[in-house]
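Subject: Structure handover and notes

Hello,

Here is the structure for your files. My notes come after it.

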Amino acid sequence: MSNTLLALNLAESWRGFWAGDIGVWILDRGVRIALLLIGGVLAARFINWSAVKVVRRLDAEYEGSDQLVRSETTKHRQAVASVISWVSVALLFVVVAVEITDILAIPIGSLVAPAAVLGAALGFGAQRLVQDLLSGFFIITEKQYGFGDLVALTVTGVSTPAEGTVEDVTLRVTKLRSSEGEMMTIPNGQIVKSVNLSKDWARAVIDIPVPASADLNQVNELLHEVADSALQDKWLRDLLLDAPQLMGVESIELDTVNLRMVARTLPGKQFEVGRRLRVLVIRALRRGGILSPADEHTPMVAAIPHPARVPDDQAKSAEHKQ
């Protein structure tokens, strides 16, 4: 009997709880707020999933094609997809916050004064954040660089430019992967100058020092042969846009003459082309008998003859002197 009375009391108290102010508030407003929060989280996850899907599809198209470098359109699309997902999530949570304030019946007019104070505080404290967002917006809209580009960024307060491959571009930061594998995260507002080393096409520059005593006509002929045969080289023909050009004498020093050769390459491939062309140039100069300045000035030490190998007439003359 006591158990039955206890169960009845618990059921009545439970019904009383939901009939009370707190229960009515939970059923009327709390459920709607919970549904908004859950829907917002699910929508944000869907937006991020869609952005990742777009980026992976672009990567798959590039990897499945015979292109050696990404096109400018692909780079820009990947950057735009990242920015759109970020902005969409931000707007989604703003809408959810506004809807929650409407459900809670918070008067917007009463928030004007606190919002003004908060805006002034954020205006002083978040200047750098606003600067990063504006800089990122112009970087993306002006197509200064995109995903996969090789760039050199001059950052405020750092003397050496940050060089690497762009792995992510958002409105706030740019992420670079250096040649040593390091990941650099740079706020967009601190970028003073951006140098895109893989925009449309690149240029490999090869400076060739030769001794001042060398026959420049012979050197020019050898270098022209290298330039003419470069397009037939299996390592270079897919990377070069046209045949390398010999620019001529770039500078004259005390014991050397520096000649320059340039070659237009696919975006970001100028370093590979430069290394291969240097190998071909050195091979051609060696074959033509043109020594490098270091080889020309290498001291040669004469061999001292062993006494057992001294000719007999020299040995006799030495004994006669003694």
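Predicted model: local features only at pLDDT ≥ 70, side-chain atom pairs only at ≥ 80, totals over all residues.

Residues are numbered from 1 along each chain as its sequence is written, and side-chain values use heavy atoms, with hydrogens and water left out.

Helix α5

Helices (H or I, at least four residues) and strands (E, at least two) are DSSP runs numbered from the N terminus. Helix α5 has 15 residues (127–141) and should span 21 Å at 1.5 Å a residue, which agrees with the 21 Å between its end C-alpha atoms. The expected span is 1.5 Å times one less than the number of residues.

Asp132, Gly136, Ile139 and Ile140 of α5 are buried. Buried means under 20% relative accessible area, exposed over 50%, and partly exposed in between (1.4 Å probe, protein chains only). Viewed down the axis of α5, the buried residues fall within an arc of 90 degrees, so they line one face of the helix; the arc is that of the directions from the helix axis to the C-beta atoms. Just after α5, Lys143 has a positive phi of about 55 degrees.

Surface patch

Val130, Leu134, Phe137 and Phe138 make a nonpolar surface patch of about 380 Å². Patch residues have over 30% relative accessible area and no salt bridge; like charges are joined within 9 Å, and nonpolar side chains (Val, Leu, Ile, Met, Phe, Trp, Tyr) within 5 Å. Areas come from the Shrake-Rupley method with a 1.4 Å probe; for residues, only the protein chains shown count as cover. Val130 lies in α5 and, at 45% relative accessibility, counts as partly exposed.

Salt bridges

A salt bridge is a side-chain nitrogen of Lys or Arg within 4 Å of a carboxyl oxygen of Asp or Glu. The count by this rule is six. Among them:

- Glu167 and Arg177 meet at 3.2 Å, N to O. Glu167 lies in strand β2 (162–169) and Arg177 in strand β3 (173–177), so the pair ties together parts 10 residues apart in sequence.
- Arg260 and Asp207 meet at 2.7 Å, N to O. This pair links strand β8 (256–265) with strand β6 (202–211), 53 residues apart.
- Asp233 and Arg276 meet at 3.0 Å, N to O. Asp233 is in the loop between α6 and β7, and Arg276 is in helix α7, 43 residues apart. Asp233 is buried, at 12% relative accessible area.

Salt bridges that share partners also join Asp207, Glu250 and Arg260 into one network.

Regards
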